[in-house]
Amino acid sequence: MKQINCFLACNDLAETTKTVEQINQSSLVQTIYLLVKKSANIQIDSCKTLEIDSLQSSETFRKIAAKSDTSYSLIYTKDSILELGQFALERFYHLAEDTQAGLVYSDYSEIKEGLQSNHPLIDYQEGSLRDDFNFGSVLFYNSECLKKAVEETTSVYQFAGLYNLRLKVSQQAELLHINEYLYSEVETDIRKSGEKQFDYVDPRNRALQIEMEAACTDHLKQIGGYLAPTFKNIEFNESNFPVEVSVIIPIRNRIKTVEDAIKSVLIQKTSFPFNLIIVDNLSTDGTTELIQSYAKQDNRIIHIIPNRNDLGIGGCWNEGVHSDQCGKFAVQLDSDDVYQDENTLQKIVDAFYEQNCAMVVGSYTMTNFAMETIPPGLIDHKEWTPENGRNNALRINGLGAPRAFYTPVLRDIKVPNTSYGEDYALGLRISREYQIGRIYDSLYLCRRWDENSDASLDVVKMNGHNLYKDKIRTVELKARKKMTSNT
């Protein structure tokens with residue numbers, strides 16, 4: 001009955017000792033290995049020690065694979081106390097046996113600042129390629145799948161070892177989510193959701209991102225989802241537009257911020273005509289009246305109030321883009337942000353023609369409400385390359401801002417009528433066929449304040465957002481695999 005070897009991250013002897021005591025209560029466990037840094041002097045009598053450089057390196061998983069001589073290998077990725085639920089290891093084991101899954105993971109209870117709450121997870125799907133997918137800290141691997149994944153890994157990773165392992169295992173078998181709270185863990189990252197979401201573009205994490213991209217690209221090649229850097233050409237020869245550019249602002253109840261946004265558009269200096277289309281989605285706080293007052297003063301402002309009440313941000317975009325007054329290029333501006341200076345629109349349009357692309361994405365600077373720069377500062381998405389950007393786009397959670405589109409392409413594709421992820425969906429879909437241009441200068445001030453829609457989301461709403469983006473990726477991945485299979 002000794003079916004499981006356990007591998008525990010270990011930096012704190014007292015904490016790990018308590019975890020070991022719980023694990024040893026199961027008759028299924030054969031050997032417990034403590035994953036310790038080479039400089040650490042940590043030993044527990046009932047355990048064996050495995051020296052590692054990092055829990056994220058491919059070398060660590062080679063060492064784990066060499067010790068995975070039981071049917072299953074449990075990896076606990078945190079060094080705080082693991083509190084197992086009733087017969088939790090037995091439950092993991094039986095579910096793995098019944099399904100032949102490559103990895104089993106479960107919901108868990110989270111202890112944060114002394115308070116315990118449930119933390120449900122979401123199902124893994126083919127498009128769950130983002131490297132920050134949350135499996136919890138207890139990973140229950142089929143040992144044969146784990147060892148095969150390690151054998152098939154030819155690259156040496158310092159940061160992407162665990163991510164690569166998951167991808168390689170997913171090529172062999174299901175990654176199974178169990179909707180049961182099988183353990184409790186301590187959460188030490190107490191930041192709000194809005195503070196966490198930009199970690200992946202922090203310049204300090206650049207080396208990590210390069211490795212993650214390499215692992216993801218290799219995976220896409222293995223499963224037939226990789227696209228070579230060949231793109232459709234665009235002539236930009238459609239001329240039945242009233243202006244060259246339309247800035248589109250979808251808005252609802254942003255009386256505190258929209259005036260700054262409007263002013264940042266009207267000061268633009270360009271060699272072409274432009275207008276500002278504000279799609280006012282049934283505002284009730286005075287926003288409507290403020291827009292009307294500006295529209296009376298400047299005929300470049302087009303104030304659209306939709307005659308339907310089922311529109312999200314994406315639906316408002318559709319209203320603006322399909323308006324007869326929309327220009328050849330449609331440029332995004334959120335109602336609580338502003339353009340960096342008076343040259344933003346000119347730079348964006350120049351990029352369309354110079355880079356022959358159907359979409360242009362700029363860079364932005366994070367600021368507080370007073371427009372003072374806050375960490376991480378400039379978000380330039382330099383992880384994007386013309387050669388591999390559209391493949392790496394399946395791994396990351398966003399493409400950047402401000403976003404601009406060649407209107408005929410956008411009218412053909414249509415914007416998903418949602419209020420989250422619609423811009424990301426467009427980026428994936430457009431990049432399937434067309435090049436996306438980039439501008440690495442800051443064009444945009446992204447103001448963070450308490451009323452941002454993503455400032456502080458609970459776990460249920462975060463799960464909903466992540467599930468939607470994963471589904472977008474799954475659909476896009478299926479479409480790309482179909483493309484490659486037909487060539």
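Good morning, colleagues. Please keep in mind throughout that this is a predicted model.

I begin with strand β1, which spans residues 4–9. How many of its residues are buried? Six of the six are, and the strand is accordingly described as mostly covered. The side chains divide between two directions: Ile4, Cys6 and Leu8 point one way, while Asn5, Phe7 and Ala9 point the other way. Residues of both sets are buried.

Let us turn to the partners of this strand. With strand β4, residues 72–76, β1 pairs in the parallel sense through five bridges. Within that pairing, Asn5 has Ser73 of β4 as its bridge partner. Strand β2, residues 29–37, also runs parallel to β1, and six bridges join the two. Here Cys6 stands opposite Ile32 of β2. Between β1 and β2 the chain passes through helix α1, residues 13–23, and this β-α-β crossover is right-handed.

The structure holds one cavity of 30 Å³ or more. The volume of the largest cavity is about 60 Å³. Which residues line the largest cavity? They are Ser58, Phe61, Arg62, Val150, Thr153, Gly161, Asn164 and Leu165. Two elements, α2 (58–66) and α5 (161–170), each give two or more residues to this lining.

To close, I would ask you to locate two features in the model: β1 with its parallel partners β4 and β2, and the largest cavity with α2 and α5 contributing to its lining. Thank you for your attention.

Technical notes
Residues numbered from 1 in each chain as written. Predicted model: local features only at pLDDT ≥ 70, side-chain atom pairs only at ≥ 80, totals over all residues. Heavy atoms only, no water. Buried < 20%, exposed > 50% of the residue type's maximum accessible area, 1.4 Å probe, protein only. Helix = DSSP H or I, 4+ residues; strand = E, 2+ residues; numbered from the N terminus. Pairing = 2+ DSSP bridges. Right-handed = clockwise from strand over helix to strand, strands pointing away. 1 Å grid on protein atoms, 1.4 Å probe; cavity = no way out; pocket = protein on both sides within 12 Å on 5 of 7 lines; lining within 4 Å. Points joined across faces, edges and corners; volume = space filled by probe spheres on them.
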